[in-house]
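Please open the model in your viewer and keep the selection tool at hand. The tour moves from one selection to the next.

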Amino acid sequence: MKMKGVIIADDLTGANASGVLLKKLGLRVSSIFQPDRVHCSDSDVIAYSTDSRGLAPEDSYARVYEAFLRLKQEACFFNKRIDSTLRGNIGTEIDAALDALGDGYTAMVVPAYPDSGRIVVNRTMLVDGVLLSQSDAGRDLKMPVLTDDVEQLIRAQTRYRCLYIPLQEIVRGISYLRDIIRTARREARVVIFDAVRNEDIRTVAQAILASGDRILTVDPGPLTMHYVHEQQVREKREQKILMVIGSVTETTKRQIACILQKRSVYFVQMKVDAFFDPAERQEEVERIVEKICGVVDEEDFFLLTTTPIGTEEEVDLSATAARLGITTEDVSNLLADTLARAAVDVLERTRKMEGIYCSGGDITISILKRLHAAGIDIRDEVIPLAVYGRILGGRLPNLKVVTKGGMIGGDDTIERCLDKMVSNL
């Protein structure tokens with residue numbers, strides 16, 4: 001199983017403290033201190049303690065480097081957890097993490113923890129309103145913190161260039177801060193932020209995520225929590241679903257009208273008249289595919305249909321069959337296959353659809369055949385006679401799918417089917 005994230009802390013209580021914040025986001029978190037058992041976990045997140053806070057810098061570097069090297073292939077996000085009062089070998093351990101992760105990673109450092117009374121403004125950390133050096137951490141017998149200047153402390157320990165972003169830049173908003181971060185990442189590998197409120201940390205997390213990938217979060221917990229939360233929001237928001245509807249029943253028409261009213265849907269209707277000439281059919285499929293592919297990054301829900309809307313007339317299957325010298329079944333199959341062809345071309349060209357909604361048995365079969373799928377792994381019932389599952393085998397295995405007959409369900413059925421696919425990450 002591929003984990004979502006790794007937290008490397010310099011002590012076990014710190015690993016636990018950061019881990020529990022991610023637990024609140026619904027992730028399964030294990031706090032580990034025996035490295036040989038890390039791979040036995042089925043958790044989403046591993047919080048691993050190197051027990052290195054009190055070690056000599058070179059020894060703490062070695063432990064952190066080894067930990068990140070061991071786990072870096074296993075996760076989608078990485079966090080170097082630091083003490084909320086800046087004790088330990090912070091700069092040295094940032095170096096170890098960056099060296100293990102490799103070129104392209106930038107450390108984003110937010111030492112503040114407002115809910116615990118730790119804030120940073122103008123580079124200065126205050127603990128419950130007291131300068132850090134005057135707090136209990138400053139008087140610690142084993143490793144006293146002798147400076148209140150966060151940037152100075154980290155700069156003295158790391159060999160990488162540091163840049164500092166003050167509060168007045170953060171409060172100017174996400175887009176502005178995103179551009180500042182992008183510039184900073186070209187100039188330094190350690191970027192340090194002020195933060196006084198949770199809102200400040202949330203803004204930093206959103207701007208960091210918008211600035212690009214390959215990020216190492218460095219904090220006592222809140223930045224990583226907000227960063228992961230924003231990742232979850234983005235993943236859910238970017239779940240794109242293609243709806244393919246060939247049914248011409250009044251039930252289907254009402255369902256289409258309902259979903260167009262309730263959701264922002266990119267609606268595309270194919271010209272059925274073009275289906276019966278091979279050259280025109282090819283041109284129509286290409287037109288539709290290009291149209292959807294051109295907006296796939298801007299939209300989330302796409303509806304592709306041959307269903308006549310409003311006052312449009314339905315295709316007369318018998319008259320069309322007589323004109324072409326084929327059977328009505330042949331005409332029906334041609335309609336379904338052309339719609340399926342366009343849908344599959346969209347799926348394969350964009351590679352961004354998380355799921356497909358199919359209304360009509362002929363459409364479903366045609367799509368599965370074109371994908372060379374073996375069938376559907378049935379997972380659940382959305383409503384009676386509407387089934388949610390995953391595609392088995394073929395060119396897009398495990399793609400989410402909902403199948404429904406054309407005469408099934410109430411007006412809100414499409415919306416309920418979309419909700420089912422979106423909620424099953």
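A disulfide here means a pair of cysteine sulfur atoms within 2.5 Å, and the structure holds 0 of them. Cys358, at 2% relative accessibility, counts as buried, a word used for under 20% relative accessible area, with exposed over 50% and partly exposed in between (1.4 Å probe, protein chains only). Cys162 is likewise buried, at 2% relative accessibility.

This is a predicted model, in which local features need pLDDT of at least 70 and side-chain atom pairs count only at pLDDT 80 or more, while totals for chains, interfaces and linings use all residues. Residues are numbered from 1 along each chain as its sequence is written, and side-chain values use heavy atoms, with hydrogens and water left out.

Next, select helix H12 (residues 328-350) together with helix H13 (residues 361-370), whose axes come within 8 Å and cross at roughly 50°. Helices (H or I, at least four residues) and strands (E, at least two) are DSSP runs, numbered from the N terminus, and axes are lines fitted to C-alpha atoms, for helices over the stretch in contact, with angles running from 0 to 180 degrees between N-to-C directions.

Contact means heavy atoms within 4.5 Å. Now colour the buried residues of H13, which are Ile363, Thr364, Ser366, Ile367 and Leu368; among the elements that cover them are H12, strand E15 (353-359) and strand E16 (375-383).
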